[in-house]
Amino acid sequence: MTQTISGTQARRIIDLRSDTVTLPTAEMRGAMAAAEVGDDVFGEDPTVRRLEARTAEILGKEAAVFVPSGTMANQLAIRAHTEPGDEVLAEANAHIVYYEAGAPAALSGATCRCLTGRRGIFSGADLEAALRPADIHFPPTRLVCLENTHNRGGGSVWPLTEIAGVATVARQHGLRLHLDGARLWNASVATGVPERAYATHFESVNVCFSKGLGAPVGSALAGSAEFVARARRFRKQLGGGMRQAGIIAAGALFALEHHRARLAEDHVNAQTLARRLATLPGVELDPASFETNIVVFRLDGVPARDWVRILDDAGVRLLATGPNLVRAVTHLGVSATDIAAALEIIKDSLRRNGRS
Ligand code: TLP
């Protein structure tokens, strides 16, 4: 994407901080401009209705509700599944725990207990080991949350068998399951497993349109008709009832129909990036472990935040996700040529900062 630096000069910035930085394409803007709209709080926006129905269909669920963000979708799920004082189990690096500003406690009065995963993934046996007997001392455990793909796990994909194992244990103990599938589209493209085959194990699923799919705004929460009706009430409570939201829903619908298959390109670009990064001194990663559009690497020597700032000045944007951890995410705004150019800039920057 081309951005203006210092007001006058236009320079190409290769922005790999996140797949949330994508800009709507001309065709997508066309679909948004032409969208038929109405007041969605009255249930009268035909485009929002179409998006919700199509999302539910893809996920094999009865219903879905359109929401402004992935965070709201996750938090509505927690609110709808739990009562204040209940416990939610999630992996220690899950977005719900790590990046949602303490929302389960603030908005639902829920307490989170964390399981330690391997790149975000744990087993049915891990869940079984974490469960406690009913006892007056313990908060009642109500919900288990998984994340597929797992963001901080480096875009790792939950194997279907592992999900089934966790689901079996959850069912045996009367627990509900929520999937943070912000990047479920990436998991499906990487494995060929349809979204609904993942979704069938969960009572609720969050999917995002504004990450790899490239829509400007929006996510959806899917589940049974009864569950979605309850979530809709909490969406209103939180101020997430939008009016002529068909304008943005049209971007999401366009993304759903036209940008899913192309995620494979992002995965190829991420793999190229990972393989080339692995050859650079001071960079530590195992390229084989990255299956989707997220690459995470350890940087030796330079603090990640400092290096990322230096790199930014050189025209490549990455995200420091820990003192020595850096994340790069590929998306529809970066081409294979951009990846090659970014690698040259990264190489040069590492050399200048004492690596050669
Ligand atoms: N993730 C963002 C940041 O919040 C870290 C990113 O750049 O990756 N679930 C997952 C797995 C996510 O990665 C994100 C966003 C969300 C939920 C929340 O979505 P939004 O940003 O729409 O609230």
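**View 1. The largest pocket of this predicted model holds about 410 Å³ of space.** Its lining is made up of 22 residues, and those closest to the pocket's centre are Arg119, Arg152, Gly153, Val296 and Leu325. Sorted by class, the lining of the largest pocket comes out as nine polar, seven charged and six nonpolar residues.

**View 2. Strands β12 and β15 at the lining of the largest pocket.** Here we look at β12 (294–299) and β15 (325–329), each of which puts at least two residues into the lining of the largest pocket. Of the two, β12 has the largest share of that lining, with three residues.

**View 3. The ligand takes up the space of the second largest pocket.** Count the residues around the ligand and you get 15, with Ser18, Thr71, His95, Asp180 and Arg183 the closest. Helix α3 (residues 70–81) gives the largest share of this shell, three residues.

View 4. Start with serine 18: an N or O atom in its side chain is 2.7 Å from a ligand oxygen. Over at aspartate 180, a side-chain N or O atom lies 2.7 Å from a nitrogen of the ligand. How much of the ligand's exposed area does the protein bury? Taken alone, the ligand exposes 510 Å², and the protein buries 83% of that.

How values were computed. Residues are numbered from 1 along each chain as its sequence is written. This is a predicted model: local features need pLDDT of at least 70, side-chain atom pairs count only at pLDDT 80 or more; totals for chains, interfaces and linings use all residues. Side-chain values use heavy atoms; hydrogens and water are left out. A residue is near a molecule or strand if one of its heavy atoms lies within 4 Å of it. A polar contact is a pair of N or O atoms within 3.5 Å; within protein, one must be able to donate a hydrogen and the other to accept it, and residues adjacent in sequence count only if both atoms are side-chain atoms. Accessible areas come from the Shrake-Rupley method with a 1.4 Å probe; for residues, only the protein chains shown count as cover. On a 1 Å grid over the protein atoms alone, a cavity is a set of points where a 1.4 Å probe fits but cannot get out, and a pocket is an open set with protein on both sides within 12 Å along at least five of seven lines; lining residues have an atom within 4 Å of a point. A molecule sits in a cavity or pocket if more than half of its atoms lie within 2 Å of its grid points. Helices (H or I, at least four residues) and strands (E, at least two) are DSSP runs, numbered from the N terminus. Grid points are joined across faces, edges and corners, and a volume is the space filled by probe spheres set on the points. Ala, Val, Leu, Ile, Met, Phe, Trp, Tyr, Cys and Pro count as nonpolar, Asp, Glu, Lys and Arg as charged, and the others, Gly among them, as polar.
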